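Here's a quick briefing to read alongside the model. Have a look at the fold first, then come back for the notes.

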Amino acid sequence: RSHPLNFQSLVLVFPQLHHFSSSFITQPSFHRPSPTIAPLHSQSSISDDSYGHEKGNSVVSVSIKRTFPHATTEEARDAWIEYHWKKGGGLPLLILSSSEVYEPGSKAANSRGKPTSSYQIDHHSVGRSLLMTRTIMPVLMREDLVLHKEDVLPSNSTIELRYEVTEAGPFYADVIPGSHSAKVIFTPIPEKEFGCEMTWDVEFLTTKWSSFYELMTKWTVGTASSTIQEVLDLPRLFTATTMIECNLDPILARRKSLEFFWGEGGGLPLVPPIPFGKVLEEGAGLARENLLRIPPFLTESIIDLRESEDASEFTYRLNSPGLLTFPFLIHTHLGRVQFSSMSSTFGSESTTTSLLMTWKVEIRPFKVVGPIVEKMVEMVVTTIIRNLRIRLKEPGAKVVIKPPRGDENLSMGLGSFGSIPKESWLGGVLDSHLSDKRSTMDQTLSLIQPWTWGRSGSGDDDDFV
């Protein structure tokens, strides 16, 4: 079972995944919820009540339902706050959020200075109210949400959230001030240990354009609900393994991999990452706890380092991925790289020591681009593994740049045009080209298959990752 927000607990899940193969798959007991399991319900209406009729206003009411078969109500509530309230629910928006804690006995006030009700149970703040305010950019809409702790609820019990729009902003001036109310209810599925249903109701008054506001609300709430559903779904798992023939113990191999992958960028054809935070001694002083990759402006963090007598590993995560980290459109990304020593004895004297490297990645991609993101993750991971194998197996190896097909007439008597590190992506491409024995037609076709670049196509150990 996955925990979408607690990455430390996800680390404990990894040891159960050793039997997975080297492709994007799910655990045998895992599956994508079918439409019958996770229905997409929505209701909406526009009507005139007594207040609206007298003032010429209309009531807009929207209700969206989703089913989360793998999450408790607490996990669903946390995902709603993290991925909708704080990150925009998968919509192209920028969220500016703040929060303020109120001690027991004090009355929380909303952004307009008026007292608010105490709504939701929050297990992080016993006996306190937490007022959460957010401003939605660029529409400049402001909303308030109050979390409150009164007592300890049983696990997977019904949870209700309420929030309100305190300032509609200049683009939604037709919304009557103070008329907006919304509630999100998470209800456990009867007779099941896990799984819950979410009902999201929104209601407000408008002076005009009620049909437009009804469609807009239905789209925004529906998109955010689908985002929460994707976040709470079981993650996709990618596993890559390779054997590296070198006389390095697992701890030293991890040190060199952090130095190369985390400190230098892993030989990818990108701007070198910008490290920041605490220096990692495990990375030979070149790696730090965090790094920024440009592009696509992703921050990553090392969250766990472990070692045993014959193995070592490190776990990392991508921080706050989303729409702004295009093209890596994912909700969560958690990876673990492990090195294990392997010894083989031939006869009575010959012993060969190798390293078994296993790289596991769990991701929850945006569903509309899932296959593309999975292929991109595969390309990045396998390229780094190929480059790291060269770094550990052939340190300092170079690839000589020669004219096409060794034509000396094109080299102007120089014989070569210099050399580049073999452990880089370009070095891998050139090295594979020089050793490529395929026909001209096959090589031409590979030009439109960039995921094959850097591989010889021979199928041997040097080609497999």
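Buried here means under 20% relative accessible area, exposed means over 50%, and partly exposed is in between (1.4 Å probe, protein chains only). Helices (H or I, at least four residues) and strands (E, at least two) are DSSP runs, numbered from the N terminus. This is a predicted model, so to speak with caveats: local features need pLDDT of at least 70, side-chain atom pairs count only at pLDDT 80 or more, and totals for chains, interfaces and linings use all residues. Residues are numbered from 1 along each chain as its sequence is written, and side-chain values use heavy atoms, with hydrogens and water left out.

**Confidence**
- The chain has a mean pLDDT (the predictor's confidence in each residue, from 0 to 100) of 76, and 72% of its residues reach 70 or more.
- Confidence is lowest in helix H1 (residues 7–11), with a mean of 35, and highest in strand E8 (residues 196–206), at 96.
- Residues 48–54 have pLDDT below 50, and the model gives this stretch 8 contacts (heavy atoms within 4.5 Å) beyond near neighbours in sequence.
- Residues 456–465 also stay under 50, with 18 contacts beyond four places in sequence.

- Among the buried residues of H3 are Thr-73, Ala-76, Arg-77, Trp-80 and Trp-85.

**Around Ser-424**
- Ser-424 sits in the loop between strand E17 (419–421) and helix H7 (425–434), and counts as buried at 19% relative accessibility.
- Its side chain reaches the backbone nitrogen of Gly-427 at 3.0 Å.
- Leaving out residues up to four places away in sequence, Ser-424 touches Gly-267, Arg-386 and Asn-387.

**Cysteines**
- Cys-196 is buried at 0% relative accessibility, and Cys-246 is buried at 8%.
- The structure holds 0 disulfides (pairs of cysteine sulfur atoms within 2.5 Å).

Note on methods: Polar contact = N/O pair within 3.5 Å; in protein donor to acceptor, adjacent residues only side chain to side chain.
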